[in-house]
Amino acid sequence: MKKRRFSLSDFEFCDFKLIGLHSQQEPHKIAYFINLALETNFKRVNTDLELIINGKTIHFPIFEFFNKDWDTKSYLISNKVNVEEKVIGNSLFAIEDYLSQEFLLSDHKRVDYLLKINDDLNIFDPKLIIDRLVKMRQISMAYTIETDAIKHPEHLILD
């Protein structure tokens, strides 16, 4: 009997849905409003998502919700983080504060928050969630992000 070898490229790994959110709210406030709108219970995770981007260690706040009925986890993640650096200047003030933004998904710089819904069985319809989110005045826009088009999907590995 012939043996057949499989590689990772033979399989499609789309075990989560991703929704991009545009909002000017702070992370804990947007989590609160999403909890009200979706009847969820997102709670802040004790440890932030820590990534090294451009030689700097960046911490992205994460909120987690476990749905017992569907046996799935969902995450609310900040896509933008303001990073304050001390820069040595050549002006009157020797040390200046420099504020920059870093992104979890640099190919989606306009997205403020990401709602990642683990969906191993492909049963969730993101449109139903988006319809409820866009009714909130705290969220200006919500839409599905195609997971195949993400340049760095490894940044979304949270388990």
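**From one buried serine to a pair of helices**

Guide: With a relative accessibility of 3%, S78 counts as buried, where buried means under 20% relative accessible area, exposed means over 50%, and partly exposed covers what lies in between, with a 1.4 Å probe and protein chains only. This is a predicted model, in which local features need pLDDT of at least 70 and side-chain atom pairs count only at pLDDT 80 or more, while totals for chains, interfaces and linings use all residues. Residues are numbered from 1 along each chain as its sequence is written, and side-chain values use heavy atoms, with hydrogens and water left out.

S78 belongs to strand β6, residues 72–78; strands (E, at least two residues) and helices (H or I, at least four) are DSSP runs, numbered from the N terminus. Leaving aside residues up to four places away in sequence, S78 touches P27, F60, P61, L104, D112 and Y113, a contact being heavy atoms within 4.5 Å. The protein chain as a whole has two helices and ten strands, and buried residues make up 41% of its 159 residues. Among contacts in the chain with a separation of 6 or more, 62% are between residues 24 or more positions apart.

One of the residues touched by S78, P27, leads us to helix α1, which covers residues 27–38. The axis of α1 comes within 9 Å of the axis of α2 (residues 126–133), and the two cross at roughly 115 degrees; axes here are lines fitted to C-alpha atoms, for helices over the stretch in contact, and angles run from 0 to 180 degrees between N-to-C directions. On the α1 side the contact is made by I34, A37 and L38, and on the α2 side by I129, R132 and L133. These residues divide into five nonpolar, no polar and one charged, where Ala, Val, Leu, Ile, Met, Phe, Trp, Tyr, Cys and Pro count as nonpolar, Asp, Glu, Lys and Arg as charged, and the others, Gly among them, as polar.

Turning to α2 itself, its buried residues are P126, I129, I130 and L133. They cover an arc of only 100 degrees around the axis, which puts them on the same side of α2; the arc is that of the directions from the helix axis to the C-beta atoms. An α-helix has 3.6 residues a turn, so residues three or four places apart point the same way. On the other side of α2, K127 and L128 are exposed, whereas the buried residues of α2 pack against β1 (16–22), α1, β9 (113–118) and β10 (141–144).

The loop between α2 and β10 holds M136, which is buried, with a relative accessible area of 9%. Although M136 and L36 are 100 residues apart along the chain, their C-alpha atoms are separated by 9.7 Å. Not counting residues up to four places away in sequence, M136 touches F33, I34 and A37, and I34 and A37 are also among the residues through which α1 meets α2.
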